[in-house]
Amino acid sequence: MGEDMSEGHEHDGHENVPSRQRRRFPGISSRAYEHPADRSALVALRKLSGFDTVFKALSGLLPERSLRLLFLSDSVRVSDQQFAHLNDMLRDACYILDLEKVPPMYVNQDPVPNAMCIGLDEPIIVVTTGLLELLDEEEMRAVVGHEVGHALSGHSVYRTILLFLTSLAVRVAWIPLGNIAIMAIVTALREWFRKSELSADRAGLLVGQDLTASMRGLMKLAGGHHLHEMNVDAFLKQAEEYEAGGDLRDSVLKILNVLPRSHPFTTVRAAELKKWAESRDHQRIMDGHYPRRSEDKDTSVTDSFRESASHYATHVKSSKDPLMKLVTDIADGAGDLGGRVRRGFGGFTGTPPKEQPRREEDGDNT
């Protein structure tokens, strides 16, 4: 069973936990909250030609010590003396997810609301002043849990390499072949990282154990301080409209819009998190039934990939997106696919559009 937390616990230096009781999860494996798309994207990433070579090379070359010194010299390190409330949240999150070594956290002066977990040997958590000023305590607790989830999942290594390669791609843009090779890996890393954000959102919910606060935080990231002007149900309806709306042209544009982004769209994150919060998987974790880290070595990569494939198949079949509907039709052997594609680009419907009378004007039909 998961354990209830109360004030004044003693565990590996984690103390001064807020009095509101929360469930904690001793020995929890990151597999408990990882989104299937996160795992499958990481498997695909590792299979990318040349990735292993680049990964091993960069792991030895990236200036880890320099990175730490940079934040130490030009940011504020969270401690009992500095941003003490954040320090309590961090220890709280590590206690709940049973992360034995508390990662160092820094506050960086930046008006853009953001947080990240980076580092190769050991993770570092960085939050911006813009984020601190935007979120209330419970919303911030979910964000800290989100970043601790990244640390527990080992995401910081790939995130650091993504940041480095993105910077490198800009520097070598004048070398055609070199830039193409780097951008192929950057694109794959971004695809994985977007999916890893869905996993970390779940970790944030496990730590904060307040779905409303998690939703508020995501809404604020989308719409700023004006929470009194926003509505959760209306916000989630945007996600539904985004997924189902338009025709095949919109489906293609959605793909193009998301490619350069490091994070999924905020409405999509909110919808995914709410769906998981209401799932049996989440309830089982809260009841104390979850995979343990001690069992990680016995897990099969094949099984993980099969589970991810099953998730994608279910997602495609249930999706309202016009492109996903077309994929389902192809898989089911639907006839007249050419006609369906043509209709899809004019508004994806089950029946062909009405025949319009032909006009003969200047010999041009447009």
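**Entry 1: strand pairing**

I count two strands as paired if DSSP finds at least two bridges between them. With that in hand I opened this predicted model and went to strand S5, residues 115–118, which is joined to S6 by four bridges, the two running antiparallel. I looked for a facing pair here and found Ile118 opposite Ile124 in S6. S5 and S6 make a hairpin, with five residues between them. In that turn I noted Gly119, whose phi is positive at about 125 degrees.

Next I checked what else pairs with S6. Strand S4, residues 105–108, is joined to S6 by four bridges too, but these two run parallel. Val107 has Val127 as its bridge partner in S6.

**Entry 2: how covered is S6?**

How many residues of S6 are buried? I found that five of its five are, over residues 124–128. I also looked at which way they point: Ile124, Val126 and Thr128 go one way, Ile125 and Val127 the other, and all are buried.

**Entry 3: helix H9**

I then moved to H9, residues 211–223, and checked its length.

What caps the N-terminal end of H9? I found Asp210 there, with a side-chain oxygen 3.2 Å from the backbone nitrogen of Thr212. Just after the helix, Gly224 has a positive phi of about 80 degrees. I also listed the buried residues of H9, among them Ala213, Met215, Leu218 and Lys220.

**Entry 4: aromatic pairs**

I searched the whole structure and got three aromatic pairs. One of them is Phe25 with Tyr290, an edge-to-face pair at 5.9 Å centre to centre with 85 degrees between the planes. Phe25 sits in the loop between strand S2 and helix H1, and Tyr290 in the loop between helices H13 and H14, so the pair ties together parts that are 265 residues apart in sequence. Are these two buried or exposed? Both Phe25 and Tyr290 are buried. I also noted one aromatic cluster made by Tyr158, Trp192 and Phe193.

**Entry 5: confidence**

Last, I looked up the scores. The protein averages a pLDDT of 75, and 58% of the residues score at least 70. Residues 321–331 stay under 50, and the model has 32 contacts for them beyond four places in sequence. Residues 347–356 stay under 50 as well, with 15 such contacts.

Conventions. Residues numbered from 1 in each chain as written. Heavy atoms only, no water. Buried < 20%, exposed > 50% of the residue type's maximum accessible area, 1.4 Å probe, protein only. Expected span 1.5 Å × (residues − 1). Polar contact = N/O pair within 3.5 Å; in protein donor to acceptor, adjacent residues only side chain to side chain. pLDDT = per-residue confidence, 0-100. Contact = heavy atoms within 4.5 Å. Phe/Tyr/Trp six-rings, centres within 6.5 Å; stacked < 30°, edge-to-face > 60°.
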